[in-house]
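Please open the model in your viewer and keep the selection tool at hand. The stops below go from a loop to the ligand and then to the nonpolar cores.

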Amino acid sequence: MIPKQQETSTSDLMLPNAEGYFGPYGGQAIPPHLKSIMDEIYHAYLAIRETPAYQQELQELYQHYVGRPSPIYFARRLSAACGGAKIYFKREDLNHTGAHKINHALGEALLAKHMGKTKVIAETGAGQHGVAMATACALVGLPCEIHMGAIDIAKEHPNVTKMKILGARLISVDRGTQTLKDAVDSAFDEYMQDPEQFFYAIGSVVGPHPFPMMVRDFQMIIGREAREQFPAMTGKLPDYVAACVGGGSNAMGIFSGFLDDHQVQLIGVEPLGRGVAKGEHAATLTYGQPGTMHGFHSYMLQDAEGEPEPVYSIASGLDYPSVGPHHSYLKDLGRAQYVAMDDQACLDAFMQLSRLEGIIPALESAHAVAWAMQKAAELDEQQTILVNLSGRGDKDADFVAEQLQL
Ligand SMILES: *Cc1c(COP(=O)(O)O)cnc(C)c1O
């Protein structure tokens, strides 16, 4: 018997409260002036999301523009190679622009348009959020400015070119580590020039309230679809649902469909990079402590002074020293477990999935694939693992070929 899906909005786990807290995490650690602007966005969002015009526009775009619903695929040869549980993929890599990020980019761009904002500002790591926002802004007709670390610009060249073609203004960030965290700081500084007119489109379930909730809501489509598709395909719920965790949006998207199904184990896979011994990783929930940065309270990789530590992952989209507050809460409650896979395991999974299934995954997604491959071997073939394949690896192909000297 397949348990009927609960209305997820009624779940106790589907916070936040009115102040933006998921248990002790989240909130708005920002100056009062900005707080009132965030509250304005929150109330505009609550009002606009109820209107048929907004809902219909978004649903139509998901269907006809993004290509939703994304399929679920049984990876027969990969499962056989691992020897054990059956591995399935939720194919967010097949979305227009190649990842789950288009789901929230469209939601945010439409919201900005409905609120009458004049410019959308965003930061980007691997360039995926930048491309998704540039795409969504081209579609709704809003100017778009993307801040990206200089190191990431060099590494993710195809995405940089796409953003330019799509008409976005690209800002190269040369400060600090020249990666995601500094891109966030830079985008935030620009936003503060005129927060009434500008819209800061955060790229994951992070930042001050209401962003962790809003971005999660836009990504919930993944979980809603999967919760219907998987039982229809296999006759039961998956035993495990796994997703990679950078900020945590693709994981929150798929987890949210299964939060009330307590027999389904939810696994978030963080990047272990070159390992803990070297201190070169970004496994925030695995090794971090609660702290505050970028306007919200959550687990965080920090030094003795509470400043964010430099982080590293082979996947640019995962190297962030904090994480979505909802994940921190799910970790403390024990509703989700968080594990970490290193660069080497990620590269192995990248190659195995490519050669056994003809699917080249994003390096981010390959972390979740790596965990699933390891776990599958411990289970029997009656058991199933559903992995959210958050994106495709076109952007990483040259980089991996160089690493492996192909
Ligand atoms: C950005 C990105 C991620 C990481 O972001 P989350 O908010 O943790 O989902 C994962 N996979 C892909 C393909 C991405 O582009």
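Helices (H or I, at least four residues) and strands (E, at least two) are DSSP runs, numbered from the N terminus. This is a predicted model, in which local features need pLDDT of at least 70 and side-chain atom pairs count only at pLDDT 80 or more, while totals for chains, interfaces and linings use all residues. Residues are numbered from 1 along each chain as its sequence is written, and side-chain values use heavy atoms, with hydrogens and water left out.

Select Gln383, which sits in the loop between helix H14 (363-378) and strand S14 (384-389). Buried means under 20% relative accessible area, exposed over 50%, and partly exposed in between (1.4 Å probe, protein chains only); Gln383 counts as partly exposed because its relative accessibility is 22%. With contact taken as heavy atoms within 4.5 Å, and leaving aside neighbours within four places in sequence, Gln383 is in contact with Ala85, Lys86, Lys236 and Asp239.

Next, select Ser249, which belongs to helix H10 (residues 249-255) and counts as buried because its relative accessibility is 4%. Not counting residues up to four places away in sequence, Ser249 touches His100, His104, Gly203, Ser204, Val205, Val215 and Gln219.

For polar contacts (pairs of N or O atoms within 3.5 Å), pick out oxygen atoms of the ligand: one is 3.1 Å from an N or O atom in the side chain of His100, one is 2.8 Å from a polar backbone atom of Gly246, and one lies 2.8 Å from a polar side-chain atom of Asn250. The protein buries 97% of the 380 Å² that the ligand exposes when taken alone.

Finally, turn to the nonpolar cores, which are sets of buried Ala, Val, Leu, Ile, Met, Phe, Trp, Tyr and Cys residues joined through side-chain atoms within 4.5 Å. The largest has 91 residues, and Ile41, Met133, Tyr191, Ile254, Phe255, Phe258 and Leu386 touch the most other members. Helix H9 (residues 211-234) gives this core its largest share, 10 residues. Select Ile41 and look for its contacts, including Leu111, Met115, Tyr191 and Phe199. A second, separate core of 39 residues includes Met341, Ala368, Ala372 and Met373.

How values were computed. Polar contact = N/O pair within 3.5 Å; in protein donor to acceptor, adjacent residues only side chain to side chain. Areas by Shrake-Rupley, 256 points an atom, 1.4 Å probe, with all protein chains shown as cover.
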